[in-house]
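Reader: I am new to protein structures and would like to learn how to look at one. Could you walk me through this one step by step?

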Amino acid sequence: MRVLLVEDEEKTIGYLTRGLSENGHAVEAVRNGADALELALHYEFDAIILDVMLPGLDGWEVLKRLRAAGRATPVLFLTARDHVEDRVRGFDLGANDYLIKPFAFAELLARLRNLARLPKAAPGGGLLVVGDLEIDTLRHRVTRAGQGLQLTAKEYALLLLLARNQGRVLSRTLIAEAIWGLFYDQHSNAVDALVRRLRAKLDTPFATALLHTIRGTGYVLDP
Ligand code: CA
């Protein structure tokens, strides 16, 4: 894969560039948001690994401008920030995945492989549509078949994560880390409970299900 790495910490740049190259990826590393945006707008990458805290434009601003320009390149946020509000903000802006530092390198490789399998999604921002489900990410409004759904912050975060990756099965580990930024062991039941609560609002009142359980693997949003 051709990967754009946006990171301002030299140690992390060295470590990731070496590791990704050894695994057959072509890596271009930049150290600030302006350079990242310049490259991402003018060249094709299979994925962008984007740090949030950067000199000049931060990662959120880079992603916002990239999506506003109509670029759908998959973006994985790599950051030490671990509040659920931060992740919701990232997904709202059109991020495809989120990995919290510190992380295992094997995990990053697995996430990149998954991103490569994503269908070329429509640019983020504005309206996300999955079947008869519509998510207005600017106003945080969710409707299904024209009917408004009242979701909690965590339910909304989960729905956005699934919608940004529609058709792709997400593991419980990935969901737990994306929503809570913690390790799966402590949250295996929490993921299932959150899915149950979301499903009760999203699917139960309607004739067809959008949120599917893939036994032994995870969950997928698919019309
Ligand atoms: Ca940084």
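**Strands, helices and salt bridges**

Author: Strand S1 and strand S3 (residues 47-51) run parallel and are joined by four bridges. This is a predicted model, where local features need pLDDT of at least 70, side-chain atom pairs count only at pLDDT 80 or more, and totals for chains, interfaces and linings use all residues. Residues are numbered from 1 along each chain as its sequence is written, and side-chain values use heavy atoms, leaving out hydrogens and water.

Reader: In S3, which residue is the bridge partner of Val3?

Author: Helices (H or I, at least four residues) and strands (E, at least two) are DSSP runs, numbered from the N terminus. Two strands pair if DSSP finds at least two bridges between them. The partner of Val3 in S3 is Ala47.

Reader: How many bridges join S1 to strand S2 (residues 26-30)?

Author: Leu4 stands opposite Glu28 in S2. S1 and S2 run parallel, and the number of bridges joining them is five.

Reader: Which hand does the β-α-β unit of S1, helix H1 and S2 have?

Author: Picture the strands pointing away from you: a crossover is right-handed if the path from the first strand over the helix to the second runs clockwise. With helix H1 (residues 10-22) between S1 and S2, the unit is right-handed.

Reader: How many of the five residues of S1 are buried?

Author: Buried means under 20% relative accessible area, exposed over 50%, and partly exposed in between (1.4 Å probe, protein chains only). S1 (residues 2-6) is largely enclosed by the rest of the structure, because its buried residues number four of the five.

Reader: Which residue forms a salt bridge with Glu10?

Author: A salt bridge is a side-chain nitrogen of Lys or Arg within 4 Å of a carboxyl oxygen of Asp or Glu. For Glu10, the closest N and O atoms are 2.7 Å apart, and the partner is Arg31.

Reader: Is Arg111 buried or exposed?

Author: Arg111 forms a salt bridge with Asp97, with the closest N and O atoms 3.0 Å apart. Arg111 lies in helix H5 (residues 105-117) and Asp97 in strand S5, so the pair ties together parts that are 14 residues apart in sequence. Asp97 has 0% relative accessibility and so counts as buried. At 1% relative accessibility, Arg111 also counts as buried.

Reader: How many residues apart in sequence are the parts tied together by Lys201 and Glu155?

Author: Lys201 and Glu155 form a salt bridge, their closest N and O atoms being 2.7 Å apart. Lys201 lies in helix H8 (residues 188-202) and Glu155 in helix H6, so the parts this pair ties together are separated in sequence by 46 residues.

Reader: Which side chain of opposite charge is nearest to Arg67?

Author: Arg67 sits in helix H3 (residues 59-68). For charge, Lys and Arg count as positive and Asp and Glu as negative, while His and the chain ends are not counted. Arg67 is buried yet has no salt bridge, and the nearest side chain of opposite charge, 10 Å away, is Glu44.

Reader: How many of the ten residues of H4 are buried?

Author: Among the buried residues of H4 are Val84, Phe91 and Leu93. H4 (residues 84-93) is mostly covered, and its count of buried residues is eight.
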